[in-house]
Amino acid sequence: MNTKYKRILLKLSGEALMGKTAYGIDNQTISQICDEIKSIHYLGVEIGVVIGGGNIFRGMTGTATGMDRATADYMGMLATVMNAMALADTLRQKNVNARVQSGLRIDQVVEPYIRGKSIRYLEEKKIVIFAAGTGNPFFTTDTAAALRGAEIGAEIVLKATKVDGIYTADPKKNPEATKYQQISFDEAISKNLQVMDSTAFALCRDQKLPINVFSIFKQGALKDIILGKNEGTLVS
């Protein structure tokens with residue numbers, strides 16, 4: 001089966017792992033997400049994943065309580081490591097080989113991020129899960145996704161969300177909001193469409209790395225994008 005993309009960077013939010021629970025990881029939800037990833041892995045696609053930590057701890061929430069921003073961000077990075085380990089373990093249970101590489105050194109638990117090694121894993125058809133963001137405070141996991149996507153030579157960043165694309169307004173709050181099929185980086189930045197932060201948008205724009213925003217909960221949507229079908233919103 002011919003695929004449109006050979007190597008992709010999938011950005012997953014931590015909140016996606018919660019399912020309908022208030023926090024943490026819902027086993028059924030993470031299993032469903034891994035089934036979607038497995039479906040494109042079997043097509044021969046090389047997959048890098050950047051995962052957030054908002055289901056466990058979010059740096060910006062910590063700062064709202066008076067916590068030092070850098071400390072809060074490091075705590076958020078550690079939350080992403082926990083999510084990455086859970087994702088890798090669930091994939092292994094489904095007979096999919098996955099490796100976790102962390103932007104923070106926690107050598108007893110996961111490998112450190114080494115670009116050359118991650119590219120070799122991808123060439124060996126192992127899924128590489130990038131944890132701990134960029135390894136630096138003050139940067140979001142969206143920016144980490146843009147950075148790792150550029151570093152590994154991904155052809156596209158696939159931003160998995162709870163909604164099926166980018167809308168003119170929040171569709172939950174405004175029923176008249178309409179979905180963009182395609183939008184430019186400059187338009188997304190100028191209209192302050194808060195699907196990804198402006199740093200991530202700007203980095204992808206400068207590296208000519210398109211972004212496709214789609215719903216991870218729509219069965220088969222991820223596979224449809226890989227096969228070149230119109231799904232979600234393309235930012236290019």
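Which residues of the largest nonpolar core touch the most other members? I kept in mind that this is a predicted model. The core holds 39 residues, and I found Ile8, Leu10, Leu12 and Ile129 touching the most other members.

Next I looked up where the core comes from. Two or more residues each are given by β1 (7-12), α1 (27-41), β2 (46-51), α3, β3 (98-102), β5 (127-131), β6 (156-161) and α8 (221-226). I noted that α3 gives the largest share, 6 residues.

I then picked out leucine 12. Leaving aside residues up to four places away in sequence, leucine 12 touches Ile33, Ile37, Val49, Val50, Ile51, Gly52, Leu87, Ala160 and Ile216. I also came across a second, separate core of 28 residues, with Ala144, Ala145, Phe185 and Ile211 among them.

On to a helix pair. I found α5 (residues 141-151) and α7 (residues 198-206) packed with their axes 8 Å apart, at an angle of about 10 degrees. Angles under 35 degrees count as roughly parallel, so α5 and α7 are roughly parallel to each other. On the α5 side I listed Asp142, Thr143, Ala146 and Leu147, and on the α7 side Thr199, Ala200, Leu203 and Cys204. By class, this contact has 5 nonpolar, 2 polar and 1 charged residues.

Last, methionine 67. I found methionine 67 in the loop between α2 (59-64) and α3 (69-93).

Terms used:
Residues are numbered from 1 along each chain as its sequence is written. This is a predicted model: local features need pLDDT of at least 70, side-chain atom pairs count only at pLDDT 80 or more; totals for chains, interfaces and linings use all residues. Side-chain values use heavy atoms; hydrogens and water are left out. Helices (H or I, at least four residues) and strands (E, at least two) are DSSP runs, numbered from the N terminus. Axes are lines fitted to C-alpha atoms, for helices over the stretch in contact, and angles run from 0 to 180 degrees between N-to-C directions. Angles under 35 degrees count as roughly parallel, over 145 as roughly antiparallel, 65 to 115 as roughly perpendicular and the rest as oblique. Contact means heavy atoms within 4.5 Å. Ala, Val, Leu, Ile, Met, Phe, Trp, Tyr, Cys and Pro count as nonpolar, Asp, Glu, Lys and Arg as charged, and the others, Gly among them, as polar. A nonpolar core is a set of buried Ala, Val, Leu, Ile, Met, Phe, Trp, Tyr and Cys residues joined through side-chain atoms within 4.5 Å. Buried means under 20% relative accessible area, exposed over 50%, partly exposed in between (1.4 Å probe, protein chains only).
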